[in-house]
Amino acid sequence: MSVFNQSRGKIIQFIFAVVVLVILIQLANLQIFSAKYKLAAESNAVYRKIIYPDRGIIFDRNRKPILENIIIYDLMVVPADARGNDTAGLCALLQIDTTEYKKRMRDLIFKTGMVRPGIFEPMLSPEMFARLNENLYKFSGFSLSERSVRNYPYHAAGHLLGYIDEVDTTFLRVHKDEGYLMGDYAGRTGLERTYEKVLMGRRGVKNYIRDNKSRLQGEYEKGMYDTAAVAGNNMFSSLDVELQKMAEELMTNKVGSVVAIDPQTGGILCMVSAPTFDPNYLTGNQRRKHFAELLNDPRKPFNNRAIQNNYSPGSTFKTIVGIIGLSEGVIDEKFTVTCPGFFTGCGTGKPKCLDKGTFAFKEAVAHSDNSYFSTVYKRLLDQPRYKTTDSALNVFNTYAGSFGLGKRLGIDLPSERGGLLPTSDYYKKIYGNRFFPCNIISNAIGQGEVNTTMLQMANVMAIIANKGWYYTPHLIDSIEGGDENGLLESFKVKRWVDKRIPAQVFEAEQNAMQAVMEIGTAAASAVPGIVVCGKTGTVENYARVNGRVEKQQDHSFFSAFAPKDNPKIAIAVICENAGQGAWAAAPIASLLMEKYLKDSITGKARKDKYDLMVNKNLIPKLMRQEMIKNDSLRKKREGEIQKAKEEKLKANQQNAAGKVTTGVEMTPPKNNRKPANPFSTHAKSEGILSSTVEKRKKTYNS
Amino acid sequence: MASSRNNTLAKGIDWTVVWLYGALVAVGVLCIFMVEYQTGDSLAGTIFKGKTNYSKQILFAAFCAVVGMFIVLTDSKLFTALANLSYVTGILLMLATFVIGKNINGSKSWIPLGGGFNLQPAELCKIFAALALAKYLSQPETIFKKIQSQLLAAAIALLPAVLSILQHELGLALVYTAFLIPMYREGMPAQILVIAISFGVLVIASLIIEPNLLAGLLTLIAMIILYALRKAIRRNKRIITIVIAAWVLSVGTQRILVPYIFNNVLECYQSTRIYSMVGKDYDCSLNKKSAKKAKDKTVKKPDDYNVRQSKIAIGSGGIFGKGFLKGTQTRGKYVPAQHTDFIFTSLGEAFGFAGCCLLLGLYLFLLFRMIQMGERQRSTFSRVYAYSVASIFFFHIAVNVSMTIGLFPIVGIPLPLISYGGSSLLTFTILLFILLRLDADRQMVLR
């Protein structure tokens with residue numbers, strides 16, 4: 001029998017071989033000829049994690065960090081491991097109720113699933129972190145994960161430093177090839193934005209193996225394909241953070257701006273736009289809420305009034321008119337004008353002057369005589385050698401333009417405005433083909449169409465202080481590791497004003513401005529022991545109220561530099577709708593100059609003045625009305641919500657009473673949490689806007 | 001006999017097979033290790049603590065080595081003597097599972113032995129059935145040409161299969177069809193084997209291959225056969241009829257019978273499950289039964305996760321693989337049951353096509369060696385037994401590997417000597433070592 005069927009053994013071997021061959025063919029097909037399985041495996045199992053480097057730190061001129069990183073903690077949870085915990089205990093720690101706990105858990109499971117860690121509570125406060133860290137071992141599945149956030153240790157200079165935020169689609173479109181991804185953070189305003197390239201550093205990539213439930217299992221190929229993250233470069237600013245803080249305090253409950261420049265370098269010493277805000281309010285977990293509050297404030301706190309607002313410069317513009325007049329030779333220092341109460345040159349009785357009498361150049365500046373500078377301006381435009389008013393105006397603009405007016409200075413902050421030096425074309429559109437000096441005579445006293453930013457005015461002061469040159473004002477002096485992108489190049493170029501202006505003219509101007517502080521309009525704001533040169537300004541302004549244009553309280557304007565010899569600070573201050581320059585802006589500037597030059601405010605009289613200025617509430621009338629309106633609207637809305645809540649509660653209780661017969665006691669929900677209302681006592685403080693008021697540190701003592 | 005064994009205990013033992021056995025078990029432990037190892041595990045610690053699967057498998061292997069030694073030390077006559085008794089015991093044990101069985105993974109086929117050990121009688125029945133079949137066929141009064149002898153032999157082989165199906169162990173039941181091969185070797189008409197294989201291949205092909213392509217392929221095969229046999233056809237016209245009839249039957253099976261079974265006989269979920277075993281979607285709207293029942297029921301996407309992940313793991317291995325312990329799919333635990341039924345994927349990912357070829361080469365060598373051993377026996381008992389063991393090994397290997405690469409529906413069948421599991425390792429060890437024992441006495445005529 002066995003012999004009979006022996007060939008069948010071979011056939012069976014053949015069958016075995018064929019089946020194995022078929023398997024090998026399919027294996028070859030899968031392993032050698034199908035690339036898709038390799039890709040599928042990659043996307044299955046390799047997780048590319050982007051490692052974000054620490055952003056660069058910004059230091060002030062005294063090497064104090066004014067923008068740094070701190071580690072804060074998120075509370076993470078793996079829902080699958082969090083079963084069987086003492087939920088009530090955890091809720092008590094976190095100060096939430098169990099309903100909220102359940103809701104968050106549900107959302108998390110929906111978002112990240114059961115087995116991957118998700119953020120249960122982001123950005124824990126330090127107290128909460130301490131409390132949780134001690135007790136967390138009791139709650140399985142919960143852990144703390146650290147992350148780096150921006151921190152502003154001085155709570156100052158929000159407008160300048162700016163903030164980072166998640167990039168949006170517009171940003172991604174503009175910065176297409178720079179490697180940003182959805183969900184990344186980038187500097188959106190201020191220095192954070194201008195120096196984004198420097199501060200962001202270089203991101204790294206770490207490859208992990210992840211398992212079938214997306215849990216990370218370890219490094220992929222021992223980190224062979226990883227790239228390391230490189231931290232952002234630190235930057236050194238010209239800012240003096242103590243001065244900045246003091247300026248912000250002085251501007252509490254005022255609307256306006258302060259800009260101080262070091263004339264010798266162009267470095268900005270302080271720049272305040274009031275009302276300002278604590279930049280830390282835009283980093284924590286409440287940032288959305290704070291953002292909305294700031295955005296809805298009628299005082300527009302996000303607006304950087306130092307560079308984004310065009311103001312009429314008022315009488316401070318007379319410094320420019322004077323310098324050009326002297327340079328062009330239409331007047332000399334001994335030239336006098338008599339004012340009977342108004343300017344007589346145009347026959348319109350305008351502009352008026354406050355002090356009647358006869359003034360030479362120095363006295364005219366000191367007393368801010370409108371007639372004198374109207375005369376100078378008219379003479380400038382009437383010069384026969386330029387034939388027409390047009391060309392005379394162009395000459396004037398060439399001079400003024402070389403002072404950095406009428407165009408952006410190029411500071412290292414985004415959204416700078418350039419002011420306005422109206423050209424002859426501009427006026428031809430208004431007055432037809434020919435116009436006369438008397439049409440535009442208001443410009444002589446800075447009240448016409450001419451507009452400047454506060455930065456420009458501070459820079460003009462720096463130019464006068466330097467007698468004819470300046471560096472472009474800037475906040476960043478140097479970058480650690482070198483300026484690879486050439487961002488600072490334009491700040492190293494010494495710029496000269498029109499060379500036709502002789503040095504004596506600047507000297508005459510300086511002497512006149514010194515007189516302002518000694519015998520003139522700002523005599524009350526002199527800095528003891530220091531020769532200050534200044535110029536006040538009182539700017540008429542109008543606003544549209546209910547469709548009608550109404551004259552508002554004047555803007556208080558002041559610009560100065562000090563000391564006269566070897567100038568160290570040039571400053572410009574505006575307080576909107578605060579009256580004459582000498583009332584608000586001049587004392588503030590004077591105190592700041594004293595602080596910067598002497599390092600502290602000395603003497604009882606000066607300290608009292610400091611307190612007086614800090615406590616002055618000069619919020620413009622219109623804004624105050626608007627704030628009260630917003631406030632009452634909010635109160636009404638909150639009242640309605642409260643009422644609705646109470647009604648709902650009542651209904652619930654009634655229902656419960658109807659249904660529950662076992663005598664379960666219903667405790668009404670605790671309602672001791674008052675709605676945080678930053679505006680409720682705005683007469684005294686402004687909530688988050690003036691954190692400085694309540695916990696004010698007497699900076700002048702330091 | 002006694003004197004020859006006194007000379008040396010291992011006389012006549014085929015050492016090639018022993019070495020092959022050792023190599024395969026070692027590969028198995030290695031593969032299980034790759035599945036389980038996590039970066040940072042301390043090797044020595046995990047092996048000796050016996051907590052991990054690979055350390056357990058090492059223990060099983062040691063135990064199996066002892067069992068193998070015992071078998072080699074016994075007398076060949078023991079197996080002929082015990083063949084029928086063990087078969088009856090096996091069947092009784094299988095029946096007992098219906099009463100005292102323990103439910104593991106949805107199949108009530110285990111008998112708890114205490115101490116955390118469970119026995120699966122169906123697994124052991126493979127050995128008993130092989131012995132019983134060999135015993136029956138080797139009896140001089142059995143004339144295998146008679147149809148009733150063939151039916152009886154089939155009954156011996158298929159009774160445990162029927163019981164396995166009743167225990168919901170489809171995979172184990174399928175294994176018993178492997179006994180067709182020794183029966184064929186002993187004179188069963190070739191047509192039965194051809195038809196059985198063709199039918200099996202055809203059903204699976206109609207699941208896997210797109211219907212029109214398959215019809216085309218079948219037509220092509222028919223044409224080739226007609227062309228090849230053109231001379232014979234000239235002499236005998238009936239061949240055309242036979243070939244055409246076979247073609248009609250095949251295409252009929254593929255186009256009508258298979259869809260009919262899936263759409264009209266089986267329930268929707270059953271069809272879906274079988275289709276998903278080969279990694280395909282089944283459109284439930286075609287199913288008459290489910291259509292009648294509930295039209296508004298939403299059709300869930302079939303879960304072909306196992307096959308997909310298994311194919312990804314193997315496919316991503318490439319020619320030479322990702323290297324030892326570098327398989328990302330393995331480390332990420334993407335393949336379910338990877339240490340048992342899908343152990344082949346860990347090898348395929350780590351060592352690629354080359355590694356797979358090597359393993360399949362080892363297996364093929366073992367299979368050929370067993371057939372060679374079968375052919376050199378003087379006694380029918382030993383030969384039938386050798387063929388049975390070879391067929392059982394072959395069936396396990398073919399089905400297990402095929403299912404991991406999407407050529408066969410997923411049925412729970414372990415890869416011999418490699419998959420994790422004490423029961424399975426022990427069964428294959430016993431099967432193989434009994435063969436070695438019988439082969440050592442190949443000059444003897446056993447009845």
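The contact between the chains takes 39 residues from chain B and 34 residues from chain A. Two residues are in contact if their C-beta atoms, placed from the backbone, lie within 7 Å. On the side of chain B that touches chain A, helix 9 (180–185), helix 16 (305–315), helix 17 (328–331), helix 18 (343–375) and helix 19 (380–404) each supply at least two residues. Helix 18 of chain B gives the most, with 11 residues. By type, this side of chain B has 19 nonpolar, 13 polar and seven charged residues. Ala, Val, Leu, Ile, Met, Phe, Trp, Tyr, Cys and Pro count as nonpolar; Asp, Glu, Lys and Arg count as charged; the others, Gly among them, count as polar.

The model is predicted: local features need pLDDT of at least 70, side-chain atom pairs count only at pLDDT 80 or more, and totals for chains, interfaces and linings use all residues. Residues are numbered from 1 along each chain as its sequence is written, while chains are lettered from A and ligands numbered from 1 in the order in which they are written.

**The two chains**

Helices (H or I, at least four residues) and strands (E, at least two) are DSSP runs, numbered from the N terminus. A residue is buried if 20 or more other C-beta atoms lie within 10 Å of its own, exposed if 12 or fewer, and partly exposed in between, with C-beta atoms placed from the backbone.

**Helix 1 of chain A against helix 18 of chain B**

The axes of these two helices come within 11 Å and cross at roughly 170 degrees. Axes are lines fitted to C-alpha atoms, for helices over the stretch in contact, and angles run from 0 to 180 degrees between N-to-C directions. Helix 1 of chain A and helix 18 of chain B are therefore roughly antiparallel. Angles under 35 degrees count as roughly parallel, over 145 as roughly antiparallel, 65 to 115 as roughly perpendicular and the rest as oblique.

Helix 1 of chain A contributes residues including A:Phe16, A:Val20, A:Leu24 and A:Leu27. Among the residues they meet in helix 18 of chain B are B:Phe353, B:Leu360, B:Leu364 and B:Phe368. This helix contact divides into 16 nonpolar, six polar and one charged.

**Helix 16 of chain B**

Eight of the 11 residues of helix 16 of chain B are buried, so it is largely enclosed by the rest of the structure. Among the buried ones are B:Val307, B:Lys311, B:Ile312 and B:Gly315. The buried residues pack against both chains: helix 1 (6–31) and helix 2 (36–45) of chain A, together with helix 17, helix 18 and helix 19 of chain B.

Helix 16 and helix 18 of chain B pack at an angle of about 30 degrees, with their axes 7 Å apart. They are therefore roughly parallel to each other. B:Ser310, B:Ala313 and B:Ile314 in helix 16 meet B:Thr345, B:Gly348 and B:Glu349 in helix 18. That contact divides into two nonpolar, three polar and one charged.

**A sheet in chain A**

Five strands of chain A form an open antiparallel sheet in the order 12-11-20-19-18. Two strands pair if DSSP finds at least two bridges between them. Strand 12 (268–274) and strand 18 (533–545) stand at the edges, each with a single partner strand, so one side of each is left without a neighbour in the sheet. Neighbouring strands are turned by 10 degrees against each other on average, direction ignored.

Seven bridges join strand 19 (residues 548–562) to strand 20 (residues 569–575) of chain A. One pairs A:Ala560 with A:Ile571 in strand 20. Helix 19 (residues 585–598) of chain A lies across strand 11 (256–261), strand 12, strand 18, strand 19 and strand 20, running at about 150 degrees to strand 20.

**A loop residue and the confidence**

B:Ile143 is found in the loop between helix 6 (121–138) and helix 7 (147–166) of chain B. With 11 C-beta neighbours inside 10 Å, B:Ile143 counts as exposed.

Chain A averages a pLDDT of 83, and 92% of its residues score at least 70. pLDDT is the predictor's confidence in each residue, from 0 to 100. Over residues 659–687 of chain A the pLDDT is below 50, and this stretch has 17 contacts in the model beyond near neighbours in sequence.
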